[in-house]
Amino acid sequence: MSEWNSIAVRQEGAVGIIELARPHVLNALSRQMVAEIVAAVEAFDRDETVRVIVLTGRGRAFAAGADIQEMADDDPIRLEWLNQFADWDRLSIVKTPMIAAVNGLALGGGFELALSCDLIVASATAEFGFPEVNLGVMPGAGGTQRLTKLIGPKRALEWLWTGERLSAKEAHKLGIVTRVVSPELLMEETMRLAQRLAQQPPLALRLIKEAVQKAVDYPLYEGMQFERKNFYLLFASEDQKEGMAAFLEKRKPRFQGK
Ligand code: CAA
């Protein structure tokens with residue numbers, strides 16, 4: 001997909017930026033929009049010049065959830081045939097580090113999209129929540145699973161049952177968000193972090209990401225075996241030779257992802 005209708009895509013240095021661009025409906029995630037986001041993320045993931053992917057929203061929302069207009073008349077059989085969450089599943093296997101720069105409301109599918117990213121940087125005015133319960137439904141793109149794994153079942157249940165919103169500050173306290181910044185500095189701070197990560201050895205970043213993801217699902221021993229294999233694998237890279245030689249020669253390393 002090279003023409004985008006619902007998103008704007010650009011690259012700044014080694015950072016690929018995807019902006020959700022349907023502000024008139026608070027970036028409600030239509031199926032077309034999700035397909036575009038996933039296609040853009042996958043294109044960046046295959047591009048060796050892109051070391052970090054940033055997702056953000058245009059206007060006052062990051063994304064106010066799945067497009068309610070589009071799904072109001074759905075039935076289970078149509079949903080089964082659409083298999084729309086397959087697009088979301090593809091986000092879970094992206095290897096490039098992904099940062100969500102949450103500029104405003106991140107609700108329902110919007111919160112799920114942010115949770116699909118590896119790190120969340122939030123504007124101080126951002127709010128997070130799962131209001132699906134108020135529509136008589138529940139999250140369907142991983143929200144019950146990802147939130148529970150992050151903050152535990154009791155706290156997750158309270159937010160999922162009440163549909164209440166968390167402020168950026170509360171989300172930070174719960175470990176959902178790693179940085180909260182003033183709204184006008186959101187992109188500047190996110191890009192600073194992205195560019196910092198883009199200087200790091202990309203293979204190490206990818207294998208660390210994979211190992212941390214395993215830590216969430218694997219028992220400790222299996223997770224440690226997985227970690228060890230990735231550790232060994234990195235010794236096949238030129239970046240390992242360069243990183244250690246640079247240390248010993250007291251100079252700055254230059255990592256190339258090889
Ligand atoms: N789907 C479709 N349209 C949406 C939308 C959504 N999720 N969220 C907002 N919009 C539209 C509104 O209909 C409105 O359009 P019009 O101007 O044409 O009427 C426009 O965006 C602006 O929204 P509001 O006028 O409602 O703005 P507000 O400031 O008064 O309220 C809000 C903001 C509280 C976020 C409110 O828009 C809202 O409650 N939105 C729905 C949030 C929601 O329930 N999200 C969960 C969706 S289900 C889901 O995501 C399932 C899943 O797991 C995949």
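Colleague: Is α5 mostly covered or mostly open, and how many of its residues are buried?

Modeller: Mostly covered: eight of the eight residues in α5 are buried, where buried means under 20% relative accessible area, exposed over 50% and partly exposed in between (1.4 Å probe, protein chains only). Helices (H or I, at least four residues) and strands (E, at least two) are DSSP runs, numbered from the N terminus. Do keep in mind that this is a predicted model: local features need pLDDT of at least 70 and side-chain atom pairs count only at pLDDT 80 or more, while totals for chains, interfaces and linings use all residues. Residues are numbered from 1 along each chain as its sequence is written, and side-chain values use heavy atoms, with hydrogens and water left out.

Colleague: Thanks. Which residues in α5 are the buried ones?

Modeller: They are Gly109, Gly110, Phe111, Glu112, Leu113, Ala114, Leu115 and Ser116.

Colleague: Now the ligand. How many residues surround it, and which are the closest?

Modeller: The ligand is surrounded by 22 residues, and the closest are Arg60, Ala66, Ile68, Gly109 and Glu112. A residue is counted as near if one of its heavy atoms lies within 4 Å of the molecule.

Colleague: What about polar atoms? Where does the ligand's nitrogen come up?

Modeller: A ligand nitrogen is 2.9 Å from a polar backbone atom of isoleucine 68. On the oxygen side, a ligand oxygen atom lies 2.8 Å from a backbone N or O atom of alanine 66. Glutamate 112 uses its side chain: one of its N or O atoms is 2.8 Å from an oxygen atom of the ligand.

Colleague: And how much of the ligand does the protein bury?

Modeller: The protein buries 62% of the 990 Å² that the ligand exposes when taken alone. Accessible areas come from the Shrake-Rupley method with a 1.4 Å probe; for residues, only the protein chains shown count as cover.

Colleague: Which elements give two or more residues to that shell?

Modeller: Those are α2, β6 (105–107) and α5 (109–116). By class, the shell has 12 nonpolar, five polar and five charged residues. For the classes, Ala, Val, Leu, Ile, Met, Phe, Trp, Tyr, Cys and Pro count as nonpolar, Asp, Glu, Lys and Arg as charged, and the others, Gly among them, as polar.

Colleague: Switching topic: how many salt bridges are there in the whole structure?

Modeller: A search finds 16, each a side-chain nitrogen of Lys or Arg within 4 Å of a carboxyl oxygen of Asp or Glu.

Colleague: Tell me about glutamate 70. Which residue does it form a salt bridge with?

Modeller: Glutamate 70 pairs with arginine 31, and the closest N and O atoms are 4.0 Å apart. That pair links distant parts of the chain, with glutamate 70 in helix α2 (residues 68–71) and arginine 31 in helix α1 (residues 31–46), 39 residues apart.

Colleague: Why does arginine 31 count as buried?

Modeller: Because its relative accessibility is 17%. Glutamate 70 is partly exposed, at 31%. The side chain of arginine 31 also makes a polar contact with the side chain of glutamine 84 at 2.7 Å. A polar contact is a pair of N or O atoms within 3.5 Å; within protein, one must be able to donate a hydrogen and the other to accept it, and residues adjacent in sequence count only if both atoms are side-chain atoms.

Colleague: Last one: which residues form the nonpolar patch on the surface?

Modeller: Phe231, Tyr232, Phe235 and Met244, with about 450 Å² of accessible area together. Patches are made of residues with over 30% relative accessible area and no salt bridge: like charges are joined within 9 Å, nonpolar side chains (Val, Leu, Ile, Met, Phe, Trp, Tyr) within 5 Å. Tyrosine 232 is in helix α11 (residues 220–234) and counts as exposed because its relative accessibility is 52%.
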